[in-house]
Amino acid sequence: MHIALIGVSGRVGSRLLAELLRRGHHVTGIARNAAMVAAQPRLVLKNADANQPAQLAPLLEGHDAVVSAMKFASTDATALIAAVKQVGAQRLAVVGGAGSLEVAPGQALIDAPDFPAAYKPEAEAGRRFLDMLRKEPQLDWTFLSPSAEFAPGDRTGTFRLGGDRLLTDANGRSWISMEDFAIAMADELETPRHSRQRFTVGY
């Protein structure tokens, strides 16, 4: 596949890049400063401000899928969606957040009394992005939410998938490594099972 990866220089983006290249895909890595990423076979690096459709859209032409691994708080969701639709990209896959996942029927994690205030702006922006996608009449999108704890770790290949509910293990812990998250995202790109849906991954 030919995949455009926006936010290739970030912590999640770099792990998605590694997983996609490992599987033999061709990646166009897009970032404000793509020079931060080392050159590799099957990787083309491009500089662009993803909040400027005129800059971004030409770089998305001819790809089978577009993946956004950008922080929500600094992303203009309207501009990104417009750029994807402008070029008629086949799919948009978004690295989501855990804040909008449900911990009880109708109650999102972000609305829990003990949700850390420092994470609220990013989580709220992520929830708005998801709401915007759900109102899109035509765009083929997928929003993959990580578990509550989301950090660099091991690539185990062993995890569970869920829907809109926060996944927890037998001890009540909700977590996933960025490496295993990348596997779940790459699997979805290769074999789409969650078209126009949000899903989640956790141990």
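**Exercise 1.** Describe how helix 1 (residues 11-22) and helix 5 (residues 178-190) pack, giving the angle and the distance between their axes.

*Solution.* In this predicted model, local features need pLDDT of at least 70, side-chain atom pairs count only at pLDDT 80 or more, and totals for chains, interfaces and linings use all residues. Residues are numbered from 1 along each chain as its sequence is written, and side-chain values use heavy atoms, with hydrogens and water left out.

Step 1: the contact (heavy atoms within 4.5 Å) involves residues of helix 1, including Arg 11, Arg 15 and Glu 19, and residues of helix 5, among them Glu 179, Phe 181 and Leu 189.

**Exercise 2.** Which parts of the structure does the aromatic pair of Phe 72 and Phe 129 tie together?

*Solution.* Step 1: Phe 72 and Phe 129 form an edge-to-face pair, at 5.5 Å centre to centre and 65° between the planes (rings of Phe, Tyr and Trp, the last by its six-membered ring, pair if their centres lie within 6.5 Å; planes under 30 degrees apart count as stacked, over 60 as edge-to-face and the rest as tilted).

Step 1: Phe 72 lies in the loop between strand 4 (65-68) and helix 3 (77-86), and Phe 129 in helix 4 (residues 120-134), so the pair ties together parts that are 57 residues apart in sequence.

How values were computed:
Axes are lines fitted to C-alpha atoms, for helices over the stretch in contact, and angles run from 0 to 180 degrees between N-to-C directions. Helices (H or I, at least four residues) and strands (E, at least two) are DSSP runs, numbered from the N terminus.
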